[in-house]
Amino acid sequence: MDKLFFYDTELGKLGIRDDGQNITHVYFGSENISKDDVVIEESDLTKLAYIQIKEYIDGKRTVFDLPIHPNGTEFQIKVWKALTEIPYGETRSYKDIAISIGNEKACRAVGMANNKNPIPIIIPCHRVVGSNKKLVGYAGGLDLKERLLNLEGISVQQNKVNK
């Protein structure tokens, strides 16, 4: 049975879920979380993920070293893998990601896959911005996206657009 535990962080409440072997989800406090087939209990893995996220927030970690298993379609998994290859402190556009996965015209589909990312922060979908370098949608809200980018030393245009 999956374990889910909630941690209070400088970014707000985060829920971290594992399947006994891999981190499968990171939830922002405001999200609706299905608690079917899950026990609310801290595990060694959720604690390790929390420690690494805390180190990231504190500016002491730039790369996560965790076993992850995001569940999605073949296309989504390809996009999420590409997101993990965006270096700390850098951004990419949806088009950049589409090109990197070999489907230049898939910008909208990349945006939808980004939106469905089950392991935000660890799979850094916050590093994807509009081609005009403006902030666009984020599950945790644009203010949180801006905070995450600022943590990495990325200044973003204040002129935000909702997608």
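I began with T24, which lies in strand 3 (residues 23–28), where strands are DSSP runs of E with at least two residues and helices are runs of H or I with at least four, numbered from the N terminus. The model is predicted, so I kept in mind that local features need pLDDT of at least 70, side-chain atom pairs count only at pLDDT 80 or more, and totals for chains, interfaces and linings use all residues. Residues are numbered from 1 along each chain as its sequence is written, and side-chain values use heavy atoms, with hydrogens and water left out.

I looked up the burial of T24 and found a relative accessible area of 7%, so T24 is buried (under 20%; exposed is over 50%, partly exposed in between, with a 1.4 Å probe and protein chains only). Beyond its neighbours within four places in sequence, T24 is in contact with residues including D2, R17, H69 and I119 (heavy atoms within 4.5 Å).

Next I traced the sheet, which is open and mixed, with four strands in the order 3-2-1-4; two strands pair if DSSP finds at least two bridges between them. Strand 3 and strand 4 (38–40) each have a single partner strand, so one side of each is left without a neighbour in the sheet. Strand 1 (residues 2–9) and strand 2 (residues 12–18) run antiparallel, joined by seven bridges, and Y7 has L14 as its bridge partner in strand 2.

Last, I checked helix 2 (residues 74–84) against helix 4 (residues 107–115): F75, Q76, V79, W80 and L83 in helix 2 meet A109, V110, A113 and N114 in helix 4.
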